[in-house]
Amino acid sequence: MFVGSTVFQFSKYVPSSGGYYSFATRGLGSRSGFMATWSYLIYEIIGAAAAVGFLGYLLSDMLKAEFHLDVPWWIVHR
């Protein structure tokens, strides 16, 4: 929700289809815009995978502690 609000606020001042690249380029320059865009793309891919893996681990641990079920964490997040 916060990210969506931030993008909305930026798009009022920089109406462009470039997204994060346009925002960073306008404020920080071309090189920073390039780095910001690639950093965001890498974060989206790796961040989602890490979050799913971590939630699988937490769910496995919770099932083991509360219900005494021994479910490996890698089965939980499939």
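## The loop between α3 and α4

His68 sits in the loop that links α3 to α4 (73-76). In this predicted model, His68 has a positive phi of about 55° although it is not a glycine. With a relative accessibility of 70%, His68 counts as exposed, because the cut-off for that class is over 50%.

## How α2 packs on α3

Let us turn to the helices. Two packed helices are described by the angle between their axes and the distance between the axes. For helix α2 (residues 20-28) and helix α3 (residues 30-67), the angle is about 150° and the axes are 7 Å apart. Angles over 145 degrees count as roughly antiparallel, so α2 and α3 are roughly antiparallel to each other. Their crossing is right-handed.

Which residues meet where α2 and α3 touch? From α2 come Tyr20, Tyr21, Ala24, Thr25 and Leu28. On the α3 side, the partners are Ser30, Ser32, Gly33, Phe34, Ala36, Thr37 and Tyr40. Sorted by class, this contact of α2 with α3 holds 7 nonpolar and 5 polar residues, with no charged residues.

Tyr40, in helix α3, has a relative accessibility of 27% and counts as partly exposed. Tyr40 and Tyr20 are 20 residues apart along the chain, and their C-alpha atoms are separated by 8.2 Å.

## How α2 meets α1

The other neighbour of α2 is treated in the same way here. The axes of α1 and α2 come within 10 Å and cross at roughly 60°. The two helices, α1 and α2, are therefore oblique to each other, and their crossing is left-handed.

On the α1 side, the contact is made by Val3, Val7, Phe10, Ser11 and Tyr13, while α2 supplies Tyr20, Phe23 and Arg26. By class, the contact of α1 with α2 has 6 nonpolar residues, 1 polar and 1 charged. Tyr20 is listed in this contact and also among the α2 residues that meet α3.

Which residues of α2 are buried? They are Ser22, Phe23 and Ala24. The buried residues of α2 pack against both α1 (2-13) and α3.

How many salt bridges does a search of the whole structure find? The search finds 1. Asp70 pairs with Lys64, and the closest N and O atoms are 3.9 Å apart. That pair qualifies because the cut-off is within 4 Å. Asp70 is exposed, with a relative accessible area of 63%, whereas Lys64 is partly exposed, with a relative accessible area of 46%.

Ser5, found in helix α1, is partly exposed, with a relative accessible area of 38%. Between Ser5 and Gly56 there are 51 residues of separation in sequence and 29 Å in space, C-alpha to C-alpha.

Notes:
Residues are numbered from 1 along each chain as its sequence is written. This is a predicted model: local features need pLDDT of at least 70, side-chain atom pairs count only at pLDDT 80 or more; totals for chains, interfaces and linings use all residues. Side-chain values use heavy atoms; hydrogens and water are left out. A salt bridge is a side-chain nitrogen of Lys or Arg within 4 Å of a carboxyl oxygen of Asp or Glu. Buried means under 20% relative accessible area, exposed over 50%, partly exposed in between (1.4 Å probe, protein chains only). Axes are lines fitted to C-alpha atoms, for helices over the stretch in contact, and angles run from 0 to 180 degrees between N-to-C directions. Helices (H or I, at least four residues) and strands (E, at least two) are DSSP runs, numbered from the N terminus. Angles under 35 degrees count as roughly parallel, over 145 as roughly antiparallel, 65 to 115 as roughly perpendicular and the rest as oblique. A crossing is left-handed if the near helix is turned anticlockwise from the far one by less than a right angle, and right-handed if clockwise. Contact means heavy atoms within 4.5 Å. Ala, Val, Leu, Ile, Met, Phe, Trp, Tyr, Cys and Pro count as nonpolar, Asp, Glu, Lys and Arg as charged, and the others, Gly among them, as polar.
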